[in-house]
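Biologist: Can you put the model up? I'd like to go through the strands and then the helices.

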Amino acid sequence: MQALAKDSIVAIIGSGAMGAGIAHVAATAGHQVLLFDTRLGAADTAIKGITVTFAKLVEKGRMSAADADAAGKRLISIGSLQEAKEAALVVEAIVENLDAKRALFTELESIVSQECILATNTSSISVTAIAAPLRHPQRLVGMHFFNPVPLMALVEVVKGIATSGDVADTVYATAAAWGKNPVHAKSTPGFIVNRVARPYYAEALRLLLEQAADVATLDAVMRDCGGFRMGPFELMDLIGHDINFSVTNSVYNAYFGDPRFTPSVLQQELVNAGFLGRKTGRGFYRYGEGADKPAV
Ligand code: NAI
């Protein structure tokens, strides 16, 4: 199965951490990329951030100035979903909420062509459930990137019950053409990575609550001695506690309250406080101003 042609338009809905990363990769691969966000100015901010990253890559000699310039020009902020009507692929990276995702895709179906592939970057919501209200559920597929998108090679291509094999294969080939290592997966709770990673976070949170060791020590043990690239707390801070907590809830509920996946009250409190990690400047650690002060 062939990847999307380079001259196909890709629309990214949701211009937060993941949307911006996916836009970076798609524009670098040669597509014109439309970015949309309901938060005023978010798509423009994402584009500015991506061009700053491109400039840094040029400085480090990892991208030519001409390529950076061309890729930057391919990024376009749009003010309404209607402007995505020419897209051949829409990748959704909005809030991790089933109703919000269903509402978005239902609206998109009335805008884009019938051939347009609809992809969700959901971390943990059933792809089958997101597709259920659509007129053409066979065109909806999971295209699950990892954070930070430009650096992380894996993409899970997730088939819901109704997803067509051709759609999954096209998205797989497209992810490969974008320089990623795609893998086919089925829409089981948490798919592959978020399922096997749950105990990494859950046990670390339990250890912290049992006062076995502090955050920095637990991170250092797993990172420096355990061979993980990041410790569990710094990784949760990077992902965002709102996202990480909702993924745990979603896997827990999908397995009918299996105690192995019980969400942590401590993480719920971080979400309640708005201490979402790096993106808010505070989570298990503090970032920027006041970084030397205790975080939790
Ligand atoms: P984020 O909070 O950084 O960005 C989400 C963006 O979507 C925000 O800018 C928000 O204004 C916008 N938004 C919300 N509702 C919208 C709507 N109806 N239409 C258009 N824009 C809307 O979140 P993040 O981290 O980028 O996550 C986005 C999605 O990607 C979620 O489904 C999440 O589960 C998934 N994901 C997140 C990962 C992570 O490490 N943060 C990793 C892999 C997937």
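**Strands and helices**

Modeller: Of the 5 residues of S1, 5 are buried, so S1 is largely enclosed by the rest of the structure. Buried means that 20 or more other C-beta atoms lie within 10 Å of the residue's own; 12 or fewer is exposed, in between is partly exposed, and C-beta atoms are placed from the backbone. Helices (H or I, at least four residues) and strands (E, at least two) are DSSP runs, numbered from the N terminus. This is a predicted model, in which local features need pLDDT of at least 70 and side-chain atom pairs count only at pLDDT 80 or more, while totals for chains, interfaces and linings use all residues. Residues are numbered from 1 along each chain as its sequence is written.

Biologist: Which residues of S1 point which way?

Modeller: Ile-9, Ala-11 and Ile-13 point one way, Val-10 and Ile-12 the other way, and all are buried. In a regular strand the side chains alternate between the two faces of the sheet.

Biologist: What is the strand order in the sheet?

Modeller: The order is S3-S2-S1-S4-S5-S6-S7-S8, an open sheet of 8 strands with mixed pairing. Two strands pair if DSSP finds at least two bridges between them. The edges are strand S3 (75-77) and strand S8 (181-186), each with a single partner strand, so one side of each is left without a neighbour in the sheet. On average, neighbouring strands are turned by 25° against each other, direction ignored.

Biologist: And how many bridges join S1 to S2?

Modeller: There are 5, and S1 and S2 (residues 32-36) run parallel. Ile-13 has Phe-36 as its bridge partner in S2.

Biologist: What about S6, buried or exposed?

Modeller: Buried: 5 of the 5 residues of S6 are, so S6 is largely enclosed by the rest of the structure. Leu-140, Gly-142 and His-144 are on one side, and Val-141 and Met-143 on the other.

Biologist: How do S5 and S7 run against S6, parallel or antiparallel?

Modeller: S5 and S6 run parallel, joined by 3 bridges, with Leu-118 opposite Leu-140 in S6. S6 and S7 (residues 154-159) run antiparallel, also with 3 bridges, and His-144 stands opposite Glu-156 in S7.

Biologist: Helices now. How do H9 and H10 pack?

Modeller: H9 (residues 215-225) and H10 (residues 232-239) pack at an angle of about 100°, their axes 7 Å apart. That makes H9 roughly perpendicular to H10. Angles under 35 degrees count as roughly parallel, over 145 as roughly antiparallel, 65 to 115 as roughly perpendicular and the rest as oblique. Axes are lines fitted to C-alpha atoms, for helices over the stretch in contact, and angles run from 0 to 180 degrees between N-to-C directions.

Biologist: Which residues make the contact?

Modeller: Val-215, Leu-218, Asp-219 and Met-222 of H9, with Pro-232, Phe-233 and Glu-234 of H10. Contact means C-beta atoms, placed from the backbone, within 7 Å.

Biologist: And which residues of H9 are buried?

Modeller: Val-215, Leu-218, Asp-219 and Met-222. Seen down the axis of H9, they fall within an arc of 100°, so they line one face of the helix. The arc is that of the directions from the helix axis to the C-beta atoms. They pack against helix H8 (198-209) and H10, while Asp-224 and Cys-225 are exposed on the other side of H9.

Biologist: What comes just after H9?

Modeller: Gly-227, which takes a positive phi of about 85°.

Notes:
Contact = placed C-beta atoms within 7 Å.
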